[in-house]
Amino acid sequence: NTTLTSLYLSKNIFDDQSIASLGKMIIENEVLTSLGLKRCGFGPKGLCEVCSALGVNTTLTSLDLSGNKFDDQSIASLGKMIIENEVLTSLGLKRCGFGPKGLCEVCSALGVNTTLTSL
């Protein structure tokens, strides 16, 4: 697709295979700027897939992951993505269930990131 710039899939339940397909799309798509994945039921493995894809994506500026359940360990992939991604300006993480260790990971990454303006 060369015209779709916004995709909101919130409140749909995705398994690991679906998230892997979504990750591939994020890597290959060169026009998508906004992606809503609120309350999609994926957890740590899904987060790793999405973050790996965003590490190389050059167009997505807005991502909402709110309401998905991530643990502190999987937040490391989020931190890495925050450091590597140079275009994301808005990231939604409400009610994602990570604790103090995850918060430290995100804050540490934010110290390096120069593009995020809304969290």
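These are brief notes on a predicted model of one protein chain.

1. Fold. The protein chain has four helices and four strands. Along the sequence they run β-α-β-α-β-α-β-α. The radius of gyration is 13 Å, close to the 14 Å that the globule rule gives for 119 residues, so the chain is as compact as a globular protein of that length. Along the principal axes, the C-alpha atoms fill a box of roughly 40 × 30 × 20 Å.

2. Take the contacts in the chain with a separation of 6 or more: 88% of them join residues 24 or more positions apart. Buried residues make up 39% of the 119.

3. Surface and charge. The accessible surface comes to about 6,400 Å². Carbon and sulfur atoms account for 52% of that surface. The chain carries 10 positive and 11 negative side chains. The centres of the two sets lie 10 Å apart.

4. Helix α3. This helix spans residues 75-84. Its buried residues are Ile75, Ser77, Leu78, Gly79, Met81 and Ile82. What do they pack against? Their partners are α2 (44-54), β4 (90-92) and α4 (100-110).

5. The side chains of Lys80 and Glu84 form a salt bridge, with N to O at 3.7 Å. Both residues lie in α3, four residues apart, or about one turn of the helix. An α-helix has 3.6 residues a turn, so residues three or four places apart point the same way. Glu84 counts as partly exposed because its relative accessibility is 37%.

6. Lys24 pairs with Glu28 in a salt bridge, and their closest N and O atoms are 3.9 Å apart. Here too the spacing is four residues, about one turn, with both partners in helix α1 (residues 16-28). Buried or exposed? Lys24 counts as exposed, at 51% relative accessibility. Glu28 is also exposed, with a relative accessible area of 52%. The cut-off for exposed is over 50%.

7. Salt bridge between distant parts. Lys38 and Asp64 meet through their side chains in a salt bridge, 4.0 Å from N to O. This pair links distant parts of the chain, 26 residues apart. Lys38 sits in the loop between β2 (34-36) and α2, while Asp64 belongs to strand β3 (residues 62-64). Lys38 is partly exposed, at 37% relative accessibility. Asp64 is partly exposed as well, at 22%.

8. Tally. The structure holds three salt bridges. Side chains of opposite charge can pair when their charged atoms come close.

Definitions and conventions
Residues are numbered from 1 along each chain as its sequence is written. This is a predicted model: local features need pLDDT of at least 70, side-chain atom pairs count only at pLDDT 80 or more; totals for chains, interfaces and linings use all residues. Side-chain values use heavy atoms; hydrogens and water are left out. Helices (H or I, at least four residues) and strands (E, at least two) are DSSP runs, numbered from the N terminus. The radius of gyration is taken over C-alpha atoms; the globule rule is 2.2 Å times the number of residues to the power 0.38. Buried means under 20% relative accessible area, exposed over 50%, partly exposed in between (1.4 Å probe, protein chains only). Contact means heavy atoms within 4.5 Å. Accessible areas come from the Shrake-Rupley method with a 1.4 Å probe; for residues, only the protein chains shown count as cover. Lys and Arg count as positive and Asp and Glu as negative; His and the chain ends are not counted. The place of a charge is taken as NZ of Lys, CZ of Arg, CG of Asp or CD of Glu.
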